[in-house]
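Please look over the sequence and the structure before reading the points.

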Protein chains: 2
Amino acid sequence: MTREQVFNFAAGPSVLPRQALERAAAEMLNYRGSGMSVMEMSHRSPWFQEIFDDAKGKLKKALDVPDSHEILFLQGGASLQFSMVPLNLMEGGTADYAVTGNFSNIAMKEAKKYGTVHVAASSQDDDFSYIPAQEQLTISPEAKYFYYCANNTIYGTAWNYVPETAAPLVCDMSSEILSRRVDVAKYGLIFAGAQKNMAPAGLTVVILDKALAGREAPYTPLMLSYKTMIEKDSMYNTPPCWCIYMLGLTLDWLESQGGVAGVEAIKHEKAAVIYDIIDNSRLYKGCARPEARSDMNVTFRTGDADLDAAFAKQAQAQGLLNLKGHRSVGGLRASLYNAQPMEGVQVLAAFMKKFEVEHHV
Amino acid sequence: MTREQVFNFAAGPSVLPRQALERAAAEMLNYRGSGMSVMEMSHRSPWFQEIFDDAKGKLKKALDVPDSHEILFLQGGASLQFSMVPLNLMEGGTADYAVTGNFSNIAMKEAKKYGTVHVAASSQDDDFSYIPAQEQLTISPEAKYFYYCANNTIYGTAWNYVPETAAPLVCDMSSEILSRRVDVAKYGLIFAGAQKNMAPAGLTVVILDKALAGREAPYTPLMLSYKTMIEKDSMYNTPPCWCIYMLGLTLDWLESQGGVAGVEAIKHEKAAVIYDIIDNSRLYKGCARPEARSDMNVTFRTGDADLDAAFAKQAQAQGLLNLKGHRSVGGLRASLYNAQPMEGVQVLAAFMKKFEVEHHV
């Protein structure tokens, strides 16, 4: 297939802005007169330092990160943050975890290695189809931090409020970062794997209140100390240079879309096109409760696993890629990240309607 | 500058085969009819699984990895292995470390967090200019492993023999992997950051004897368990997909060069061109003792820091990039990794001769 025949609904890694890819292709053999590919540059060279500073500066601007907070470019994915957070912030004490999906559940279990975990809320009782309300949170007075995952990629739910807690908020924003404005000052630590709204897999962005650094357990691996990474401006060792470069290119594109406010203005509109079909369908059922729905990951099912499979297969054949739900839950899922154009959403909507007519009995 | 006007002698990240970069540029917007960039592919998709299996299979073939050993594609750089190795293999006991440069020194210090370290050899007494001989190694009978760094990028030295030890060998091969044939069966664990002879920064290759997995300390972060990564075939979470793809392209190029044996046949010849100038010069002095010289990183100096700086600056202006020595030691360094063509070496040689004529007083 050609690129023009395809819309990619993958949950991550996922579609990137065409403009970013075109620039990367054009600069591949010679980055702006350096005679080198970005992949061949010493990370200590002025060429790369400029790429690094540019991406960091643009991210700071896009998310309006206050000077109290540091932006780190790390490796290992969000999964490594599941360990880094308690290693650095738990101090062997207690931490509150809200378990609203697979990844917050893994994070919660991982934290048990390093201290006492208190499950402050869980939506497991109804298949993670909802987000507990503020008054349902049971907050520990002694908690070192309160941990939650803002958007649950697998279940298609999102926190539509920021929890109010005495302890610093730690938030996994992997699948919604840069899709809506965030008051970063409200958070002790935000982290996000890059492979949804930012860059290719291999980069993890951490934004943390510098006051929280320096509390790591003595057995913390040197690469897993936020303090070390702040002191070395993410270059204790060679960072994932290519991903940082791609992040810069994505942020250039984001700016052309009016920044975070620009994509935020249309994200709900995009998701509503699909949710509207689901709500008016006799075939499709949404997986998440309406008030907890994610604009990034729309999850639905027909109720018949074979029909779900037929849907995904036919869609794939027509260039609507990666609509199968996560392997742990089945069903269907359309991820509508920033780089997913409204055109892709409309083509999917038309396909859904046609499929319903053909298959509803 | 154009790419043709440049030779890049960076110590890492460093020059990549032009063929690999051209392919990456051509496939950037549409990988072989998928309609997607490799950076946009779900790591669980058949498209990416094929890229992953292909790169792993080619690496297994290139290094003739026996079935007793597993190849892992990890993140975090060699520096994260400095922690992963003792976390997984030390079992709170003793390990032998040979300290022959900056990176083995950091690795040794890191291991102290997790057990008892015995320095089995050190060349610090003569500025890491040599490699201890087998008979100089003081090996602990109770050691869980013997650790060394095969090629010391900063000092320009290389182990020209494989230590004989009762305990499993653990070897940092970051800056020489794929440059010479290795009997992998002799090693318990080999690791290498990709950004010298393999791929862009962001990928770490680990090759380990499967029998050594499963001994990790209880506080080992889940992403840092070799056992977990073996069980998940490096995909516990999203791997650094782009780097793995680039590794595959580099291995295609390596095959066209006759594989590891092919590049091994000329690596010494390339290095000898520069060492020959040094040995016959009244201006340049080699930093490493002749018997310990690395073919990958040729280190030298004029003895005058200002003149070294002038050398690097003039070379840079003529397209001979990144000849400055590591910031911790100064001097000059020419890295001659696999993708450095003999032509680049000859242009450097001509520059060195001309510079000597102009500056030797």
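1. With which residue of chain B does R3(A) form a salt bridge? The partner is E40(B), and the closest N and O atoms lie 2.8 Å apart. A salt bridge here is a side-chain nitrogen of Lys or Arg within 4 Å of a carboxyl oxygen of Asp or Glu. Across the interface of chain B and chain A the rule finds two salt bridges.

2. This is a predicted model, in which local features need pLDDT of at least 70 and side-chain atom pairs count only at pLDDT 80 or more, while totals for chains, interfaces and linings use all residues. Residues are numbered from 1 along each chain as its sequence is written, chains are lettered from A in the order in which they are written, and side-chain values use heavy atoms, with hydrogens and water left out.

3. In the interface, 63 residues of chain B are in contact (heavy atoms within 4.5 Å) with 63 residues of chain A. The area buried between the two chains (accessible area, 1.4 Å probe, lost on putting them together, summed over both) is about 4,900 Å². Carbon and sulfur atoms give 60% of this area. On the side of chain B, L29(B), M39(B) and E40(B) lose the most area to chain A, together 14% of what that side buries.

4. Leaving aside residues up to four places away in sequence, D252(B) touches Q19(B), R23(B) and K58(B).
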